[in-house]
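Please look over the sequence and the model shown here before reading the report. The text then goes through the strands, the helices and the core in turn.

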Amino acid sequence: MTSVPVAGRKNLSRVVAFDREDGRFWKVDGTYIPPHYPGTGDAFASVIVGGLLQGDSLPIALDRAVQFVSMAIRSTFGYNYPSREGGLLERVLTNLRAPVTASSYGMME
């Protein structure tokens, strides 16, 4: 699993994951947000693992993690919180209960 910029689309970032069980790649696109906060990678991984343990498929867990971390970064940036303190994850914890729509993620060809 990794996040990569999308060629030719400066404001777009893509998270890509490989499902070893069925040999498919999954992607979730999101708006690139420039601030960096320590701990967001750990939060991302935690949401993925939590989703998988609760029965989410890999693409659903992946999408949930992308949306959660994106909202945490936006929320933190909006509060002008010091980046060295990490993201304000508790502000967006309720977003983990939001439904994931099938149009949010896709399979890579």
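Predicted model: local features only at pLDDT ≥ 70, side-chain atom pairs only at ≥ 80, totals over all residues.

Strand S2 (9-19) and strand S3 (24-31) run antiparallel and are joined by eight bridges. The two strands form a hairpin with four residues between them, and in the turn Gly23 has a positive phi of about 70 degrees. Two of the facing positions can be named: Leu12 stands opposite Thr31 in S3, while Ala17 has Trp26 in S3 as its bridge partner.

S3 also pairs with strand S4 (residues 106-107), again in the antiparallel sense, and this pairing extends over two bridges.

Leaving aside neighbours within four places in sequence, Trp26 is in contact with Val15, Val16, Ala17, Asp19, Leu58, Pro59, Leu62, Tyr105, Gly106, Met107 and Met108. For one of these residues, Val15, the C-alpha to C-alpha distance to Trp26 is 8.2 Å, with the two lying 11 residues apart in sequence.

Leu12 is placed in strand S2 and counts as buried because its relative accessibility is 14%, where the limit is under 20%. Not counting residues up to four places away in sequence, Leu12 touches Pro5, Val6, Asp29, Gly30 and Tyr32. Pro34 is 22 residues from Leu12 along the chain, and the C-alpha atoms of these two residues are separated by 11 Å.

## The helix pair

The axes of helix H1 (residues 40-53) and helix H2 (residues 58-78) come within 8 Å of each other and cross at roughly 145 degrees, and the crossing is right-handed. On the H1 side the contact is made by Thr40, Ala43, Phe44, Val47, Ile48, Gly51 and Leu52, and on the H2 side by Leu58, Ala61, Leu62, Arg64, Ala65, Val66, Phe68, Val69 and Ile73. Sorted by class, this contact has 13 nonpolar, two polar and one charged residues.

## The nonpolar core

Which residues have the most contacts inside the largest nonpolar core? They are Phe44, Leu62 and Phe68, within a core of 19 residues. The elements that give two or more residues to this core are S2, S3, H1 and H2, and the largest share, eight residues, comes from H2. In soluble globular proteins, nonpolar side chains tend to be buried together.

Not counting residues up to four places away in sequence, Phe68 touches Ala43, Val47, Leu89, Val92, Leu93 and Leu96. Leu62, for its part, is among the residues in contact with Trp26, and it also belongs to the H2 side of the contact between H1 and H2.

Methods: Residues numbered from 1 in each chain as written. Heavy atoms only, no water. Axes fitted to C-alpha atoms, helices over the stretch in contact; angles between N-to-C directions. Left-handed = near helix turned anticlockwise from the far one by under 90°. Contact = heavy atoms within 4.5 Å. Nonpolar A, V, L, I, M, F, W, Y, C, P; charged D, E, K, R; others polar. Core = buried A, V, L, I, M, F, W, Y, C linked by side-chain atoms within 4.5 Å. Buried < 20%, exposed > 50% of the residue type's maximum accessible area, 1.4 Å probe, protein only. Pairing = 2+ DSSP bridges.
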